[in-house]
Amino acid sequence: MKGYYARKIHSLLGLIPLSVFFLMHMFSNFAAVEGGPERFQSAVNLINSLPLLLLMEIFVIYVPMLYHGVYGLYIAYQAQPNVGRFNNERNWRYMLQRISGVITFVFVIWHVYQTRVQVFLGEVSHDELGALMHSIVTNPVYFIIYLISVVAASYHFANGLWAFLVSWGITRGPRAQRVSSYVCMSLFAVCSIMFVASLFAFRSVEFDASAVIEMLKVTV
């Protein structure tokens, strides 16, 4: 029963609050596509204007993420994929969920270090995050890593949502699960497109450090 409750907590944290954070991060990044540096900076400022932001980050994002990620690694370690014996959709989704989870967890730690930790250490200001992302994604190696990682994160989110609906008894029966599968995989496609589009937007010369500085001078 201990393992049962641990898995239920792991599943629940994947939906609330981590899925909410995932979507918020996606929309704030997509602001770079919709309105360039100015719109992205507005999204960053909006997030950083929230009260008790550091406490919210620690207890609403980082602690749940640490539990979900570490326990997810334990689940992945215990997993016994059998796609070689039973080559069906559910087995593939089971295996891809574990692989995408490992990629996502490692990437999130690295991405937080590159961005949020640098802000905390005073190496980068919130106004320079757009330029920082530009410098990261214009590196060809980093860009490929980011592309793979955001697609993996999008799959892990969308397929995890489908698995949540099944495991919590919300979608019962083959038809309900098939319909939710179509919805969740469509969501995977939309999230992937939005994140990838954001990466290409950050590669734009608009997000070069000198361009961002000039934009900030105009807005001030």
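**Helix packing and buried positions in a predicted model**

Helix α4 crosses α6 in a left-handed sense. The axes of these two helices approach within 7 Å, at a crossing angle of roughly 130 degrees, and α4 and α6 are therefore oblique to each other. The structure is a predicted model.

**Contact of α4 with α6**

- On the α4 side, the contact is formed by Arg-90, Arg-93, Leu-96, Gln-97, Ser-100, Gly-101, Ile-103, Thr-104, Phe-107, Trp-110, His-111 and Gln-114.
- By class, the residues of the contact of α4 with α6 comprise 11 nonpolar, 10 polar and two charged.
- Gln-114 belongs to helix α4, which spans residues 89-120.
- Gln-114 has a relative accessible area of 12% and is buried, because the cut-off for a buried residue is under 20%.
- Apart from residues up to four places away in sequence, Gln-114 touches Leu-132, Ile-136, Tyr-142 and Tyr-146.

**Contact of α3 with α4**

- The axes of α3 and α4 come within 9 Å and cross at roughly 145 degrees, and the crossing is left-handed.
- From α3, the residues Glu-57, Tyr-62, Met-65, Leu-66, Gly-69, Val-70, Leu-73, Ile-75 and Ala-76 meet Arg-98, Val-102, Phe-105, Val-108, Val-112 and Arg-116 of α4.
- The contact of α3 with α4 contains 11 nonpolar, one polar and three charged residues.
- Gly-69 is located in α3, which covers residues 53-78, and is buried at 9% relative accessibility.
- The C-alpha atom of Gly-69 lies 15 Å from that of His-111, a residue 42 positions apart from Gly-69 along the chain.

**Contact of α2 with α3**

- Helices α2 and α3 pack at an angle of about 130 degrees with their axes 10 Å apart, and are therefore oblique to each other.
- Their crossing is left-handed. Leu-18, Phe-21, Ile-47 and Asn-48 of α2 make the contact with Leu-53, Ile-61, Pro-64, Met-65 and His-68 of α3.
- The residues of the contact of α2 with α3 comprise seven nonpolar, two polar and no charged.
- Met-65 of α3 takes part in the contact with α2 and also in the contact with α4.

- The largest nonpolar core has 27 residues, and Phe-40, Val-137 and Phe-202 have the most contacts inside it.
- At least two residues of this core come from each of α2 (18-48), α4, α5 (129-137), α6 (140-167) and α7 (174-202).
- Phe-202 touches Asn-29, Ala-32, Phe-40, Gly-130, Met-133, His-134, Val-137 and Phe-207, leaving aside residues up to four places away in sequence.
- Helix α5 is largely enclosed by the rest of the structure, because eight of its nine residues are buried.
- The buried residues of α5 are Leu-129, Gly-130, Ala-131, Leu-132, Met-133, His-134, Ile-136 and Val-137. Of these, Leu-132 and Ile-136 are touched by Gln-114, whereas Gly-130, Met-133, His-134 and Val-137 are touched by Phe-202.

- Ser-11 lies in helix α1, residues 2-15, and counts as buried at 19% relative accessibility.

Technical notes: Residues numbered from 1 in each chain as written. Predicted model: local features only at pLDDT ≥ 70, side-chain atom pairs only at ≥ 80, totals over all residues. Heavy atoms only, no water. Helix = DSSP H or I, 4+ residues; strand = E, 2+ residues; numbered from the N terminus. Buried < 20%, exposed > 50% of the residue type's maximum accessible area, 1.4 Å probe, protein only. Contact = heavy atoms within 4.5 Å. Core = buried A, V, L, I, M, F, W, Y, C linked by side-chain atoms within 4.5 Å. Axes fitted to C-alpha atoms, helices over the stretch in contact; angles between N-to-C directions. Parallel < 35°, antiparallel > 145°, perpendicular 65-115°, else oblique. Left-handed = near helix turned anticlockwise from the far one by under 90°. Nonpolar A, V, L, I, M, F, W, Y, C, P; charged D, E, K, R; others polar.
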